[in-house]
Amino acid sequence: MDANFVPDSLQDLIVYFSDPRTCVEFMARMRWPDGPVCPKCESKRLSFLQTRLMWKCLDCQKQFSVKVNSIFEDSPIGLDKWLCAMWLISNCKNGVSSYEISRDLKISQKAAWFMLQRIRHAMATGTFTKLKGDIEIDETFIGGKARNMHKDRKLRAQKEGGRNLANKSTVMGMLERKGKVKAKVIQDRKRETMAPIISDHVEVGSTIYSDEHGQQWSSWDYQSDMVNHAAGEYVRGNVHTNGIENFWSLLKRGLGGTYISVEPFHLFRYIDEQVFRYNHRKDEDGNKLSDADRFTLLCSQVAGRRLTWNQVTGKDSAVVH
């Protein structure tokens with residue numbers, strides 16, 4: 001079989017990665033396109049241990065596997081199951097729950113949840129490229145619906161937050177039309193919170209479109225226009241926020257329909273997941289990306305993304321964001 005072969009369907013993936021050696025060879029190709037490198041001394045003088053599917057450095061004598069310094073490190077779960085989970089989460093538009101992964105891969109729900117959190121960590125894309133051109137900016141609120149709360153909690157939430165916004169997380173999104181989206185959890189909607197984020201992620205001179213709340217953080221560095229949702233105005237020529245609203249719809253469909261309930265502490269990882277899928281629907285030339293393209297891209301991002309249980313659960317002060 002072609003050394004550069006990549007499965008183009010879930011069925012082909014399950015068959016192809018049924019051999020542990022094939023999994024190791026594939027991930028080695030994703031991590032080290034120019035050949036494996038010792039993580040300790042960076043030597044390429046290596047010997048492959050056939051029986052253990054590991055490498056031994058001939059210079060420092062250190063042994064290492066393809067899982068070292070990656071989201072797979074210290075995981076007893078085989079790469080065949082990891083790769084199957086990565087295919088599903090990178091290509092299922094509404095996400096995939098840990099319960100479904102648990103049933104399909106025959107692992108515990110706790111292990112499946114931890115696995116998915118580590119994959120989401122690999123999906124995070126911290127790029128320094130700024131958005132430019134026509135940019136839509138909006139905020140949304142994510143959290144439990146008041147009608148589902150206990151009566152006492154509902155009254156307390158309304159008293160503390162008003163408009164049922166208490167106990168909800170605020171998420172800010174910036175969408176470059178015909179381009180990529182960036183989204184993150186923010187503390188509040190105040191100017192001092194949002195303006196620096198816009199400055200960090202949007203190129204000066206761009207045109208910003210927003211709803212009426214945009215007047216609170218508008219800047220001379222950008223041209224801007226807005227629609228007044230409160231007055232029932234949603235589109236005025238080229239002025240609208242329909243693109244970012246579409247992203248919010250996708251995000252909330254996954255959170256409400258697939259994941260049901262997400263703790264605020266973990267919300268940023270689920271946002272990273274949806275941003276990854278949204279941004280890699282097409283390539284830079286506007287051509288549609290295949291499921292295999294998204295899968296291989298995700299596989300290429302696993303290195304240097306180790307995430308421990310204590311970091312995921314907040315028991316370690318060095319929480320990885």
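Helix 8 (242-257) and helix 9 each contribute at least two residues to the lining of the largest cavity. Helices here are DSSP runs of H or I with at least four residues, strands are runs of E with at least two, and both are numbered from the N terminus. A cavity is a set of points, on a 1 Å grid over the protein atoms alone, where a 1.4 Å probe fits but cannot get out, and lining residues have an atom within 4 Å of a point. The model is predicted, so local features need pLDDT of at least 70 and side-chain atom pairs count only at pLDDT 80 or more, while totals for chains, interfaces and linings use all residues. Residues are numbered from 1 along each chain as its sequence is written, and side-chain values use heavy atoms, with hydrogens and water left out.

A search of the whole structure finds 1 cavity of 30 Å³ or more. The largest cavity has a volume of about 50 Å³, a volume being the space filled by probe spheres set on grid points that are joined across faces, edges and corners. Helix 9 gives the most to this lining, with 4 residues. Among the lining residues are Asn-94, Gly-95, Tyr-259 and Arg-277. Sorted by class, the lining of the largest cavity holds 4 nonpolar, 4 polar and 2 charged residues. In this sorting, Ala, Val, Leu, Ile, Met, Phe, Trp, Tyr, Cys and Pro count as nonpolar, Asp, Glu, Lys and Arg as charged, and the others, Gly among them, as polar.

Next comes the largest pocket, where a pocket is an open set of points with protein on both sides within 12 Å along at least five of seven lines. About 1,100 Å³ of space lies in the largest pocket. Its lining has 36 residues, and those nearest the centre are Thr-125, Val-181, Lys-182, Val-275 and Asn-279. Two or more lining residues come from each of helix 5 (109-123), strand 5 (169-176), strand 6 (181-186) and helix 9 (267-279). Helix 9 again leads, giving the most to the lining of the largest pocket with 6 residues. The pocket lining has 12 nonpolar, 11 polar and 13 charged residues.

What follows helix 9? His-280 sits in the loop between helix 9 and helix 10 (291-299). His-280 is buried because its relative accessible area is 13%, and buried means under 20%, exposed over 50% and partly exposed in between, with a 1.4 Å probe and protein chains only. Leaving aside neighbours within four places in sequence, His-280 is in contact (heavy atoms within 4.5 Å) with Lys-180, Leu-289, Arg-294 and Leu-297.

Strand pairing gives another view, with two strands counted as paired if DSSP finds at least two bridges between them. Strand 1 (residues 46-49) and strand 2 (residues 54-57) run antiparallel and are joined by 4 bridges. Leu-49 stands opposite Met-54 in strand 2. The two strands form a hairpin with 4 residues between them, and Leu-53 in the turn has a positive phi of about 55°. Strand 2 is also joined to strand 3 (residues 63-64), antiparallel, by 2 bridges, and Lys-56 stands opposite Gln-63.

Taken as a whole, the protein has 11 helices and 10 strands. Buried residues make up 45% of its 321 residues.
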